[in-house]
Every structure is written in structure tokens, then in C-alpha cells.
Amino acid sequence: MTTTTANPHANTAPAKMPPQIPYIIGNEGCERFSFYGMRNILTVFMMTSLLLAIPEDLRKAEAKEVFHTFVIGVYFFPLLGGWLADRFFGKYPTIFWLSLVYCAGHACLAIFEDNIRGFYFGLFLISLGSGGIKPLVSSFVGDQFDKSNRSLAQKVYDAFYWIINFGSFFASLLMPVILKAFGASVAFGLPGLLMGLATLILWSGRKKYVHQPPRGANPHSFLKVVWTALKAGGLGLGVAALGLIGAAYSLSQMGSLGFVAAVCLALVLVMGFGGIGAALQLERARGVHPDEAVDGARAVLRVLVLFALVTPFWSLFDQKASTWVLQADQMSKPEWFQSSMMQALNPALVMILIPFNNLVLYPTLARMGLKVTALRRMGAGIALAGVAWIFAGMLQLWLDAGDTVSIVWQMLPYVALTLGEVLVSATGLEFAYSQAPLSMKGTIMSFWSLSVTVGNLWVLLSNVSIKSPTALAAIHSTGYSETACLMFFFAGFALVAALLFALVARRYPMQNNYRG
């Protein structure tokens, strides 16, 4: 069993950075290179090699579906990783062993480059490994701090996000070139080597970390408090039952929706209506569970409302590696430039914007009397994603008209989307950790990752919906292409979500749940 070890600097120099942080940051940089290295060439590889047996007019839709199904898996398995760490093994052992599964997935991609089943099995292993460790690494960072040095935590989360994009930048630039020059085995094998290095760096710092032990079976966990509230009957139970009915209908539509979309939609309906039902009568759980557990469950439910409103942002953000790459294929560019290389602009901008925001923008706004809170950042980030997709939709109209469009114009949506990403994602990591009660850190970080799964679910559902005769007729009546209409739809989706997020955030009670 993992034991709690003391931080030797906790009492003598609380203002100093914990010495174990560089190991976690180094691990994250290599792991992110490995992940984005394979992810950023995935759509291109499927279009040009793996899915060649599929007719060309259907290949784009199939590649997008496989890509977003993979992303859904990556952000669904955090639920499993968080549960294993909190219940049985602790964060560090779970991260280490799932990292080995992650390495095995990369090996499968390199070995089975011309075998669809073997390649898809590799994607499954990567989604299991990458997704399983995702909430744990970010919450493991938070474990290295306490209330005495909490002020340094946001700086580390910013550095954490900066190193993620450092790895992503070089992966986005190099991997398309390596794929073209050396083939898929090398292009998918190199990220595997980086993941092996990431695991080694993590292991090297094992004696320096602050280890929070697993809490074991918790009779007062979030799910048990919610279940107690629902069992009390009344209106809440009726609302939760509506979720079960909706889930059953979703599963019955598996033939038209697809297995992944149907199952994920069923899960969202159960969680959404179950959470609403529990919130309506959470007070009925008092007496059965201590006040601390009930208050903690209420805090999680409040956060989940905000997380739900962040999901449209992820719908837009993750399509830069699918929809925007396919749009870039239609644009004019130098012969040596690969469409997927445009994604390198995103992490490059992140590395510039994070220090710019902290050193210039936020201090300037503070001097002007404008308080830049975490929730205001996130709401503005969602709105900026909507603006980015308005730009992308306008470029698509230009392309649909038959004009030659330089890929340089795609910088406009990338700049807006990346600024939105910095405001949402980097801020959201620290926000999620700080709002979670001590006993529910793994749970809340898993729900933060699950918001990305739900965002990609909206993409799959929109792709299914647009194929219906009614939707096609409505699109054709506008005179615009299906792609352009979807882009403007997602832009509106994000802008409405940003407005709702701002309204909910005004009444949200901020928490400070770092350890004492």
C-alpha cells in the first residue's frame, strides 16, 4: 500500500517550488509528444492508407468517426483510472502501470500499420492508458501542494499546460514529415519511444513525491450519497427515471447511432437526469451520511453544471484535428507543407499566450479594475471558440465558391480557438482540483475529462443527424454545403453555451479545497 511521505520543504520553505515537480513536468512533456505525435497524423494516415478500401466519398466521414470515437475513449477511461486510484492503488502506482499499457498501444500501431483490427486494438490500448492516467497526473500535481504554497499551484498548472503544448508543437511539425518520409511504422513507433521515456522519468522521481494513499471503499462517497438521496423517492427519483428511459431509447437506436455514440448518450442521460434528481432532494441524505459528505456531493453537483456547459467548447476544439485538417486539404499551400502540420500553430500560440496572459494581459486588466476570475476566463474562452468557427465557416464558404484560398487564412480561426483554449483548459485544470472535496479529487478530475468525451459525442451525433433526409433538405435549401452549415451550427452552439455559462457562473460559490 502506498504511504504518505512528507515534503521536506513544506515547513522550512513553504514559498519554494516542491522539488519533485520537474519529474512530473518532464513526464508530461514526453507523454504529450507521444500522444499528439500519433493523434495529429491519425486522420491523414487513415485517409491515405488504412481506409483506402472504403470509397472516397465515404472515407472522410469514416475517418472523422474513428478519430472522434478514439477521443471519446481517451476521455471516458479517466473514470476507470480515477476509481482505481482512489479505491485501490493510489495515484502513482496507477499512473505507472497504465503507462505501460499506453506503451503497448503505441507498439501495436507501429506493428499493425496495415491491419485494421490490430491498429484499432492499439488505439484502444492508448485510449485506456492515456485516458486512465489523465485525471491522475493533473491531480497528482495538486497533491504536491498544500494551503501554505497554494499560490504556486496555478503557476505550475500553467507550466504543466505549457509543457503539454511544447511536446505537441514539435510533434505536430515533425510527425507528418516523418510519416511521409519513413512510413507509418517509424511515425507511430517514435511516439512509443517517447512514451517509454516518459514512464522512465516518472519512475525516477518515485521517492520524492507526496503520495496520498488510496481511500479504499468509502461508505460516504459521492455516488453513495447521490444514491441515498435518490432512494428517498419523490420528485428526484422520478427525474432520474426519465434518464433511464432516455438511456434505454438511446441503446435501442444503436443501429443508426453506432455503438459508441449510443452508449455514451445513454451514459450522459443517466448521469444528467440522475444528478438533477439527486440535487433536488440531496438534503434527504443527511443523517445517513455525515454533513461533510453531503456538502461535498453538493459541491460536485454544482461543478458538474459548469462542466456540462464546457462540453460545447470541446466539440469545437477537437475538430481542429479532423474537420480543420480536411478543410486544409482543400487550400493552397507549399508542396512540402502537410495539412496536419497546421496544427503546430495551436501549441506554438499556447506557449506564447500563457506567459503573455500572466505577465501582461491579466496584470493590465487588474490595473484597469477588471478582476479576471477563473470562471470569467472560462466563459470568455468558450465564446472565443464560437468566434473561431465563424471564421472557419467563412473560409469554407470561400472554398465552396471555387476560389483558391491560401492556408495562411486558416491562422485566423487557429488564433481565436487557441486563445479560447488557454482560457478554458489551463484554467479548468486548477479550477477542477480546487473545487473538489479532499475525498473526491479523483472523481472530479475524471468528470472534467469526461466533459471532453461528451463534447466529442456531440460531434458524432451531429454527423449522424446531418445524414437524415430532413436535415439534408434543410441544408440544400440554404445553398450552402453540409460542411459550412455544420461549422456555423457549432459556432452558434458554443456562443449559446458561453452565455449560459456566464449566467450560471455569477451564482457559483467558489471553494478552496487544498489540503491543510
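**View 1. Ser99 and the residues it touches.** Setting aside neighbours within four places in sequence, Ser99 is in contact with Ile133, Met195 and Thr199, where contact means heavy atoms within 4.5 Å. This is a predicted model, in which local features need pLDDT of at least 70 and side-chain atom pairs count only at pLDDT 80 or more, while totals for chains, interfaces and linings use all residues. Residues are numbered from 1 along each chain as its sequence is written, and side-chain values use heavy atoms, leaving out hydrogens and water. Ser99 belongs to helix 5 (residues 91-111); helices here are DSSP runs of H or I with at least four residues, numbered from the N terminus. Is Ser99 buried or exposed? Ser99 is buried, with 1% relative accessibility (buried means under 20% relative accessible area, exposed over 50%, partly exposed in between, using a 1.4 Å probe and protein chains only). A polar atom of the Ser99 side chain lies 2.7 Å from the backbone oxygen of Ile95.

**View 2. Thr228 in helix 9.** Look for Thr228 in helix 9, which covers residues 222-231. Thr228 has a relative accessible area of 13%, so Thr228 counts as buried. Its side chain reaches the backbone oxygen of Lys224 at 2.9 Å. Beyond neighbours within four places in sequence, Thr228 is in contact with Ala285, Val288 and His289.

View 3. Rolling a probe the size of a water molecule over the atoms shows where empty space is left. A cavity is a set of points, on a 1 Å grid over the protein atoms alone, where a 1.4 Å probe fits but cannot get out; lining residues have an atom within 4 Å of a point. Grid points are joined across faces, edges and corners, and the volume is the space filled by probe spheres set on the points. Of its 29 lining residues, Arg32, Tyr75, Lys134, Tyr161 and Ile164 lie nearest the centre. Which helix gives the most to this lining? Helix 6 does, with 6 residues. The lining of the largest cavity has 14 nonpolar, 7 polar and 8 charged residues (Ala, Val, Leu, Ile, Met, Phe, Trp, Tyr, Cys and Pro count as nonpolar, Asp, Glu, Lys and Arg as charged, and the others, Gly among them, as polar).

**View 4. The second largest cavity.** About 50 Å³ of space lies in this cavity. Its lining includes Asp158, Tyr362 and Arg377. Helix 15 gives the most to the lining of the second largest cavity, with 4 residues.

**View 5. Salt bridges.** The whole structure has 8 salt bridges, each a side-chain nitrogen of Lys or Arg within 4 Å of a carboxyl oxygen of Asp or Glu. Arg32, which is buried at 3% relative accessibility, meets Glu31 in one of them at 2.7 Å, N to O. Arg39 and Asp318 form another, at 3.2 Å. This pair links distant parts of the chain: Arg39 in helix 1 and Asp318 in the loop between helix 13 and helix 14, 279 residues apart. Both Arg39 and Asp318 are buried.

**View 6. A salt-bridge network.** Glu283, Arg286, Asp291, Asp295 and Arg298 are linked by salt bridges into a network. Within it, the side chains of Asp291 and Arg286 meet at 3.2 Å, N to O. Asp291 is partly exposed, at 47% relative accessible area, and Arg286 is partly exposed too, at 27%.

Definitions and conventions: Helices (H or I, at least four residues) and strands (E, at least two) are DSSP runs, numbered from the N terminus. A polar contact is a pair of N or O atoms within 3.5 Å; within protein, one must be able to donate a hydrogen and the other to accept it, and residues adjacent in sequence count only if both atoms are side-chain atoms. On a 1 Å grid over the protein atoms alone, a cavity is a set of points where a 1.4 Å probe fits but cannot get out, and a pocket is an open set with protein on both sides within 12 Å along at least five of seven lines; lining residues have an atom within 4 Å of a point.
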